[in-house]
Each structure stands twice: as C-alpha cells, then as structure tokens.
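Biologist: Please put the model up, and let us work through it by question and answer.

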Amino acid sequence: PNEPTHREAQMSTTKKKTFIRPGKVVLLLAGRQAGHKAVIVRAFMDGTKERQFGHALVAGVERAPRKVNRSMSKKKIEKRVKVKPFLKYVNLQHVMPTRYTVDMNVKKIVPKDIKSKDKQVAAKKDLKKLFEERYLNGEKASAGTNWFFQKLRF
C-alpha cells in the first residue's frame, strides 16, 4: 500500500533539468538591483557551505548605455556608451529567467572566488570593458545580447 506509484518512482530517478545555466539572461526580482537585467556567470543549484540554498553569481547592468547614432561625435559616443556593471550572488528564488541567452563569455572574466574587494573591483572593470565593447559592436550580436543592453521598461 505504501509503494510509490509508477510516476512518483519515475520522477525520483530522473535528474532535475535546469534552464539556469551560464549565459542565460535573467531579471532580478528583489534587492537593490530589482528590475535589472543580469547574466548568470555560475549557478549553484544545491548551494554551498556559505550559502545553503540555490543561488547564482550574476553580472548585470546597473546603468544601461544610451542610444548612439552615426551623426554623433566620437567624444559623445564614448560618453553615452558607458555602462555601470554589478556583480552579485543572488538567491534563485529572486531571479526570473528569460528566453534570451548572451554570447559573451562572462565566465572567463569573473574569477572563481570574488570574496576580496580587490578581485571584485578588478572583475567589475573587466566587465565594464566587455559590456561597452559588446554594445558598440552590436550589429553582429545575438538578439539576447541586444535586448540585454536595453533599459527595462515596466
């Protein structure tokens, strides 16, 4: 009588498929960056010693770049393209995945541990450089990358 049904037995043996993987664009739902877009750098589905819940390291855009066109001077373009990135650990409960993925290799830029402030600052500078360069060369970018740099209107 207490035997699991066929469906329950099948569900317990199958692995959970996750769509939260590096490169996926997500929206943050809580905290200081709520409503901002971010890219998953690393996902920890089962948690770690410090954070014993499912979480992810995300890199996002705190201040999005502004529109640029050809008639603008180089100086003006440089000013408008500036991006302010952020790097943060986020609980997976406070993340909403989107259908978009980006083709930027953010994982290479961000070191495995960002506990020290020096590593965080260096990683943010590298992210800023990558995001700005990617925004300027946007014609060849994927739809997800183009959407990532647009300000979220809600």
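Modeller: One definition to start: rings of Phe, Tyr and Trp (its six-membered ring) pair if their centres lie within 6.5 Å, with planes under 30 degrees apart called stacked, over 60 edge-to-face and the rest tilted. This is a predicted model, where local features need pLDDT of at least 70, side-chain atom pairs count only at pLDDT 80 or more, and totals for chains, interfaces and linings use all residues. Residues are numbered from 1 along each chain as its sequence is written, and side-chain values use heavy atoms, without hydrogens and water.

Biologist: Which residues do ring pairs link into a cluster?

Modeller: The whole structure holds six aromatic pairs. Ring pairs join four residues into one cluster: Phe131, Tyr135, Phe148 and Phe149.

Biologist: What are the centre distance and plane angle for phenylalanine 44 and tyrosine 89?

Modeller: Phenylalanine 44 lies in strand 2 and tyrosine 89 in strand 4, 45 residues apart. Strands (E, at least two residues) and helices (H or I, at least four) are DSSP runs, numbered from the N terminus. The two rings form a tilted pair, with values of 6.4 Å and 45°.

Biologist: Phenylalanine 44: buried, partly exposed or exposed?

Modeller: Buried means under 20% relative accessible area, exposed over 50%, and partly exposed in between (1.4 Å probe, protein chains only). Phenylalanine 44 has 24% relative accessibility, so its class is partly exposed.

Biologist: Which geometry do phenylalanine 131 and phenylalanine 148 adopt?

Modeller: Phenylalanine 131 sits in helix 4 (residues 117-136) and phenylalanine 148 in helix 5 (residues 143-148), 17 residues apart. Phenylalanine 131 is buried at 0% relative accessibility, and phenylalanine 148 is buried at 1%. Their centres are 5.5 Å apart and their planes 65° apart, so the term from the definition is edge-to-face.

Biologist: Which residue lies over the face of tyrosine 89?

Modeller: A charge sits over a ring if NZ of Lys or CZ of Arg is within 6 Å of the ring centre and within 35 degrees of the ring normal. Lysine 37 does this to tryptophan 147, at 3.8 Å from the ring centre. Over tyrosine 89, at 4.0 Å from the ring centre, lies arginine 51.

Biologist: How many bridges join strand 3 to strand 4?

Modeller: Two strands pair if DSSP finds at least two bridges between them. Strand 2 (residues 37-44) and strand 3 run antiparallel with six bridges, and arginine 42 has leucine 57 as its bridge partner in strand 3. Strand 3 also runs antiparallel to strand 4 (residues 84-91), where valine 58 stands opposite lysine 88. The bridge count between strand 3 and strand 4 is eight.

Biologist: How many residues of strand 3 are buried?

Modeller: Strand 3 covers residues 55-63 and is mostly covered. Of its nine residues, the buried count is seven.

Biologist: Which residue forms a salt bridge with glutamate 62?

Modeller: A salt bridge is a side-chain nitrogen of Lys or Arg within 4 Å of a carboxyl oxygen of Asp or Glu. The structure holds five salt bridges. At 3.8 Å between the closest N and O atoms, glutamate 62 pairs with arginine 32.

Biologist: How far apart in sequence are the parts that glutamate 62 and arginine 32 tie together?

Modeller: Arginine 32 is exposed at 69% relative accessibility, and glutamate 62 is partly exposed at 22%. Glutamate 62 lies in strand 3 and arginine 32 in the loop between strand 1 (24-28) and strand 2, so the separation is 30 residues.

Biologist: What is the N to O distance between aspartate 103 and arginine 134?

Modeller: Aspartate 103 is in the loop between strand 5 (95-101) and helix 3 (106-109), and arginine 134 is in helix 4, so this pair ties together parts 31 residues apart in sequence. Aspartate 103 is partly exposed at 43% relative accessible area, and arginine 134 is partly exposed at 24%. Their salt bridge has an N to O distance of 3.0 Å.

Biologist: Glutamate 132: buried or exposed?

Modeller: Lysine 128 and glutamate 132 form a salt bridge, with closest N and O atoms 3.3 Å apart. Both lie in helix 4, four residues apart, about one turn of the helix. Lysine 128 is partly exposed at 29% relative accessibility. With 19% relative accessible area, glutamate 132 is buried.
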